[in-house]
Amino acid sequence: MAQPNSAESEGATPWNHTTPVIFTPLFDWPPRPLETIISLSKRWVTVSRNLLFVGMAWMVHELAFQDLSSMQALSVAGVLPIFLRNLLFMATVAGGLHLFFFTLKAQGKRLKYDPRSEHEKSRKFSFHNQVWDNAFWSLTSGVTTWTLYETLYLWGLANGNVPTFTLREHPFAFLLWILMLPVILSSHFYLIHRLLHWPPLYKSVHRLHHRNIHIGPWSGLSMHPIEHLLYLSGVFLHWVIPSHPIHACFHLLHAGISPTWGHTGFNRIQVNKFEIDTNYFHYLHHRYFECNYGNLDMPWDHLFGTFHDGSQESKKRMGARLREQRKR
Ligand SMILES: [Zn+2]
Ligand SMILES: [Zn+2]
């Protein structure tokens with residue numbers, strides 16, 4: 001395991017806000033059917049990120065996936081609109097959240113984990129500016145890799161190389177894919193994230209993302225190009241298992257945009273009565289490093305003993321686990 005410096009051990013930042021960590025009850029034993037139904041419904045029926053991503057995927061499918069004649073052969077004319085669209089999505093969501101939380105300070109410090117208001121302006125970041133650095137990696141390598149994978153998928157679709165089905169042919173499979181995608185994304189993320197904490201990969205690749213301790217929306221997709229290639233690679237599942245193009249689009253949109261939400265550094269986005277949860281679980285990963293490699297859609301961290309809920313007990317458990325690993 002990598003041994004990066006810990007914000008906690010430096011004692012640099014006391015908490016401004018904390019919250020309990022609650023996993024999905026989907027895999028609880030003994031089963032809790034009522035809680036599971038309520039929890040799964042909440043993740044879809046209420047205004048949620050998943051629902052927004054389905055809406056966006058449907059919109060992209062209707063507007064951009066209908067005429068694929070330009071994708072039968074790879075060309076600048078075919079790829080450029082995809083790149084510009086993804087750039088627009090990333091700039092709008094990450095830029096909008098940054099504007100809301102950090103420029104306008106519309107929520108003040110309400111529900112903010114870290115009491116600091118400003119991002120770092122230090123030599124460890126390109127341009128000596130954390131926000132510009134994070135936006136640079138997100139908009140260049142991040143959007144390019146996302147576009148590369150989407151282009152390959154559409155090229156495969158246009159040439160009949162990708163196995164697909166229509167909603168009319170298999171409505172149940174269509175729904176099942178939608179419900180399972182967060183579980184698939186979560187499992188893939190856990191797997192590649194564990195790999196990225198293997199010391200050689202951590203030092204040469206993943207460290208770039210972990211320079212961000214006081215995170216913000218632009219930190220989400222601020223990754224090394226190799227991490228982008230690994231992180232977004234889950235979409236290749238659609239080359240193997242038949243799915244609808246909306247599923248592949250959802251997969252890439254979710255992987256591309258949800259990190260901006262997950263790195264706001266706030267527990268919830270609140271505008272009057274409208275509110276969406278962000279990602280306390282992953283914030284703890286940035287604070288303590290060797291824990292919470294996945295997210296709350298799958299209990300992998302519980303199963304493999306890397307779960308941290310922000311409490312002193314979890315901190316002690318993590319310390320004991322790391323000491324044990326160093327002895328081996
Ligand atoms: Zn990490
Ligand atoms: Zn992160």
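This dialogue walks through how to read several features of one predicted model.

Me: What should I know before reading the numbers?

Reply: Residues count from 1 along each chain as its sequence is written, and chains are lettered from A, ligands numbered from 1, in the order in which they are written. The model is predicted, so local features need pLDDT of at least 70, side-chain atom pairs count only at pLDDT 80 or more, and totals for chains, interfaces and linings use all residues.

Me: How many helices and strands does the protein have?

Reply: Elements here are DSSP runs numbered from the N terminus: helices (H or I) of at least four residues, strands (E) of at least two. The protein has 12 helices and 2 strands. From the N terminus, the order is α-α-α-α-α-α-α-α-α-β-β-α-α-α.

Me: What does the radius of gyration say about the fold?

Reply: The radius is taken over C-alpha atoms, and the globule rule is 2.2 Å times the number of residues to the power 0.38. For 328 residues, a compact globule would come out near 20 Å; the protein has 20 Å, so the two agree. The C-alpha trace spans about 55 × 55 × 50 Å along its principal axes.

Me: What share of the residues is buried?

Reply: Buried means 20 or more other C-beta atoms within 10 Å of a residue's own; exposed means 12 or fewer; partly exposed lies in between; the C-beta atoms are placed from the backbone. By that count, 36% of the 328 residues are buried. For contacts, the cut-off is C-beta atoms, placed from the backbone, within 7 Å. Of the contacts with a separation of 6 or more, 70% join residues 24 or more positions apart.

Me: How do I read a helix pair?

Reply: Two packed helices are described by the angle between their axes and the distance between the axes. Axes are lines fitted to C-alpha atoms, for helices over the stretch in contact; angles run from 0 to 180 degrees between N-to-C directions. Under 35 degrees is roughly parallel, over 145 roughly antiparallel, 65 to 115 roughly perpendicular, and the rest oblique.

Me: At what angle do H5 and H9 cross?

Reply: Helix H5 (residues 130-158) and helix H9 (residues 245-262) cross at roughly 175°, and their axes come within 11 Å. That makes H5 roughly antiparallel to H9. H5 contributes Trp146, Tyr149, Glu150, Tyr153 and Leu157; H9 contributes Pro245, Ala248, Leu252 and Gly256. Nonpolar covers Ala, Val, Leu, Ile, Met, Phe, Trp, Tyr, Cys and Pro; charged covers Asp, Glu, Lys and Arg; the others, Gly among them, are polar. The contact of H5 with H9 has 7 nonpolar, 1 polar and 1 charged residues.

Me: And how do H4 and H9 pack?

Reply: Their axes are 9 Å apart, at an angle of about 10°. H4 and H9 are therefore roughly parallel. From H4 come Asn86, Phe89, Met90, Val93, Ala94 and Leu97; from H9 come Gly256, Ile257 and Thr260. That contact has 6 nonpolar and 3 polar residues, and no charged ones.

Me: Which residues does alanine 248 touch?

Reply: Alanine 248 is in helix H9. It is buried, with 28 other C-beta atoms within 10 Å. Leaving aside neighbours within four places in sequence, alanine 248 is in contact with Tyr153, Val235, His238 and Ser243.

Me: What surrounds glycine 142?

Reply: Glycine 142 sits in helix H5. It counts as buried because it has 29 C-beta neighbours inside 10 Å. Beyond four places in sequence, glycine 142 touches Met90, Trp137, Leu221, Met223 and His228.

Me: How are the two strands joined?

Reply: Strands pair if DSSP finds at least two bridges between them. Here 4 bridges join E1 (residues 268-271) to E2 (residues 274-277), and the strands run antiparallel. Valine 271 has phenylalanine 274 of E2 as its bridge partner. The hairpin has 2 residues between the strands, and asparagine 272 takes a positive phi near 50°.

Me: How many residues of H10 are buried?

Reply: In helix H10 (residues 280-288), 8 of the 9 residues are buried. Among them are Tyr280, Phe281 and Arg287.

Key. Contact = placed C-beta atoms within 7 Å.
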